[in-house]
Amino acid sequence: MSQESYIYDGKTLSRKEIEKIVKISINSLKNKESHRLREAFKMLEGEKVLDVGCASGSISQHIAQLGFKVHGVDVLESSIKIAKEFFDHENATYEVRDIIKQPFEENSFDCILFFETIEHVDNGLLFLREMY
């Protein structure tokens, strides 16, 4: 019997390993350990939030639990797989998407956030222009 595996942070991990990472992530958000995240959550406004580079979806889910409708996007299919399986929420949707190659229509979202993302894009200026 083969065990399901996931690609996370460039490594192949078992479901059990992903569950452990998910638990740590959830606890961290619940305990509000990150001052940076706490401050960012205070700036959320409107109803529809775009989470660019959502990775495994933990932040998207937390935002959804705050009552926002959040759409998480990431270029990595493996990240979206984890988000859909482990961070499902009625107010959260996830999609594999490169926003530079497949931009959203203007005013599709009330608020856009991206944590730990800009350092992974090829052209930071183009990325920021697309966000604006």
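**View 1. The classes of residue that line the largest pocket.** Ala, Val, Leu, Ile, Met, Phe, Trp, Tyr, Cys and Pro count as nonpolar, Asp, Glu, Lys and Arg as charged, and the others, Gly among them, as polar. Counted in this way, the lining of the largest pocket has 23 nonpolar, 13 polar and 8 charged residues. The model is a predicted one, in which local features need pLDDT of at least 70 and side-chain atom pairs count only at pLDDT 80 or more, while totals for chains, interfaces and linings use all residues. Residues are numbered from 1 along each chain as its sequence is written, and side-chain values use heavy atoms, with hydrogens and water left out.

View 2. On a 1 Å grid over the protein atoms alone, a pocket is an open set of points where a 1.4 Å probe fits, with protein on both sides within 12 Å along at least five of seven lines, and lining residues have an atom within 4 Å of a point. Of the 44 residues that line the largest pocket, Gly53, Ala55, Asp74, Phe115 and Glu116 are the closest to its centre. Helix H1 gives the largest share of the lining, 7 residues, where helices (H or I, at least four residues) are DSSP runs numbered from the N terminus.

**View 3. The contact of H1 with H3.** The axes of these helices, which are lines fitted to C-alpha atoms over the stretch in contact, with angles running from 0 to 180 degrees between N-to-C directions, come within 10 Å and cross at roughly 45°. H1 and H3 are therefore oblique to each other, since angles under 35 degrees count as roughly parallel, over 145 as roughly antiparallel and 65 to 115 as roughly perpendicular, with the rest oblique. In contact, meaning heavy atoms within 4.5 Å, Ser25, Ile26 and Leu29 in H1 meet Ser58, Ile59, Gln61 and His62 in H3.

**View 4. The contact of H1 with H4.** H1 and H4 pack with their axes 12 Å apart, at an angle of about 70°, which makes H1 roughly perpendicular to H4. Arg15, Ile18, Glu19 and Val22 in H1 meet Ile82, Glu85 and Phe86 in H4.

Conventions. Helices (H or I, at least four residues) and strands (E, at least two) are DSSP runs, numbered from the N terminus.
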